[in-house]
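Reader: I have a model open and want a quick walk through it. Can you take me strand by strand, then inside?

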Amino acid sequence: MTRATIARIVRMKAINCAKIAGIRRSFSVASILNANRAITYRSPGDPASILTALTYPSLPPPAPHSVNVRFILSPVNPADINVVEGVYPSKPSPDQSLIGTTLFVGGNEGLAEVTEIGSEVIGLQKGDRVVMGGQQLGTWASARTLLAEDVVKVPEEISEVGGATITVNPPTAYNMIHDFVDLKEGDWLVQNGANSAVGQMVIQIAARKGLKTLNFVRSRDDLESLKRHLTNLGATQILTYDDLQDKTLREKVKEWTAGKPIRLMLNCVGGRDTTAMTRFLGEDAHLVSYGAMSKQPLSLPTSAFIFKNLTCHGFWQSRWYKQRTREEREGLFKRLAAMKLQEPEHEILTIPADINDDAATERVRDAVRKLGQGQHGKKVLLKIEQLAE
Ligand SMILES: NC(=O)c1ccc[n+]([C@@H]2O[C@H](COP(=O)([O-])OP(=O)(O)OC[C@H]3O[C@@H](n4cnc5c(N)ncnc54)[C@H](OP(=O)(O)O)[C@@H]3O)[C@@H](O)[C@H]2O)c1
């Protein structure tokens with residue numbers, strides 16, 4: 001049986017069970033009928049206008065190859081916003097399992113606890129903490145039924161925030177540092193968006209390997225405190241894009257690196273400032289793009305290709321997951337957990353069980369509106385409370 005067929009059967013069973021359970025529950029307690037809540041939307045659009053909180057019944061027992069999970073924390077990443085906008089290449093499947101009508105549940109990443117196991121599930125137990133092994137499964141919810149093959153166990157010792165944010169940003173940082181250039185202790189890399197969650201992971205993982213980092217951020221009022229924070233994480237030099245106007249900067253960088261060529265550049269911003277940053281690269285360098293936060297294209301001087309032999313790549317952690325086995329994924333999570341990386345600066349947005357959907361909707365829309373304005377500086381994680389049954 002194909003994975004798509006199993007998924008379809010799981011969804012149909014969930015809908016049928018939910019309908020039956022819904023009917024049964026209408027004769028019992030109203031709170032059980034509305035035990036769960038998810039952040040949903042019906043078609044792509046502006047997240048601050050369309051994201052809608054929706055209550056739904058408690059989950060029916062899982063089908064043989066599925067598990068029921070309770071979400072502990074689910075981050076709101078920039079890519080999640082792009083998915084809701086409908087501009088991200090990886091699309092969620094329309095979902096009918098919650099209330100029987102088609103909608104989408106937001107969220108790609110999250111830490112959950114297994115609460116019930118299907119009869120054929122091997123290798124998972126009630127109480128295991130898991131993250132998502134599949135893409136766009138809809139993690140902005142209090143509880144979901146998922147295919148067992150779509151979840152991956154995480155090491156016990158990892159914190160809730162660490163676990164909730166382990167599938168996207170730390171692996172992206174780790175793989176970009178390791179997959180393109182063989183960097184040795186004392187080597188340098190340069191990156192933009194250095195205060196992003198990925199950027200902060202790059203700084204820490206690089207520092208653990210004895211690598212030096214040249215980090216660019218946007219200027220801001222509290223620049224000195226941001227610099228202190230990044231320095232504490234292990235950043236070697238921190239500059240703003242405004243510093244790129246300084247004609248003597250190239251010489252300063254040469255002094256810092258003692259003339260050592262910089263061979264890896266990580267880009268999540270794009271646009272002119274990124275072009276300007278390439279002048280710090282040495283011969284045979286690799287420019288790895290993984291985001292486009294400025295929404296501007298990246299243009300590069302032809303001379304960099306001809307005379308410096310620059311190579312450009314794109315990196316997508318989703319592609320990495322598709323190409324790797326469950327063992328490889330778990331291995332990477334173990335390596336990352338062992339590094340004891342500092343959690344991203346974060347803010348937990350609790351959606352309490354005792355507020356109504358309209359109030360919950362307003363809280364979420366307000367949060368995504370603020371995120372859209374930039375310079376928020378903190379990863380927002382949703383904690384969507386489940387009503388006790
Ligand atoms: N390819 C992949 O596999 C992959 C994996 C993970 C993440 N990503 C991408 O990496 C990027 C960062 O993700 P994240 O979760 O680390 O994000 P995050 O923690 O929310 O940080 C966003 C970063 O983008 C910067 N930024 C926002 N708008 C900007 C603009 N107009 N010009 C310059 N900088 C801007 C922010 O700077 P301020 O603080 O100044 O606002 C901040 O440094 C996103 O594009 C995300 O989609 C890609």
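Author: Start with strand E9 (residues 188-191) and strand E10 (residues 212-217): four bridges pair them in the parallel sense. Trp 188 has Lys 212 in E10 as its bridge partner. This is a predicted model; local features need pLDDT of at least 70, side-chain atom pairs count only at pLDDT 80 or more, and totals for chains, interfaces and linings use all residues. Residues are numbered from 1 along each chain as its sequence is written.

Reader: What counts as a strand, a helix or a pair here?

Author: Helices (H or I, at least four residues) and strands (E, at least two) are DSSP runs, numbered from the N terminus. Two strands pair if DSSP finds at least two bridges between them.

Reader: In what order do the six strands of the open sheet come?

Author: The order is E11-E10-E9-E12-E13-E14, with parallel pairing. Strand E11 (237-240) and E14 stand at the edges with a single partner strand each, so one side of each has no neighbour in the sheet. The twist averages 20 degrees from one strand to the next (axes are lines fitted to C-alpha atoms, for helices over the stretch in contact; angles run from 0 to 180 degrees between N-to-C directions).

Reader: How many bridges join E12 to E13?

Author: Five, between E12 (residues 262-267) and E13 (residues 281-289), which run parallel. From E12 the chain passes through helix H10 (residues 271-277) to E13, a right-handed β-α-β crossover. Right-handed means that, with the strands pointing away from the viewer, the path from the first strand over the helix to the second runs clockwise.

Reader: And which residue in E14 is the bridge partner of His 286?

Author: Thr 311. Four bridges join E13 to E14 (residues 311-314), again in parallel.

Reader: Switching to the inside. Which residues touch the most other members of the largest nonpolar core?

Author: Ala 38, Val 69, Leu 189, Val 190, Val 202 and Met 265, out of 86 residues. Such a core is a set of buried Ala, Val, Leu, Ile, Met, Phe, Trp, Tyr and Cys residues joined through C-beta atoms within 7 Å. Buried means 20 or more other C-beta atoms within 10 Å of a residue's own, with C-beta atoms placed from the backbone.

Reader: Which helix gives the largest share of this core?

Author: Helix H7 (residues 197-208), with seven residues.

Reader: What does Met 265 touch?

Author: Its contacts (C-beta atoms, placed from the backbone, within 7 Å) include Leu 189, Val 190, Met 277 and Leu 287, not counting residues up to four places away in sequence.

Technical notes: Buried ≥ 20, exposed ≤ 12 C-beta atoms within 10 Å, placed from the backbone. Contact = placed C-beta atoms within 7 Å.
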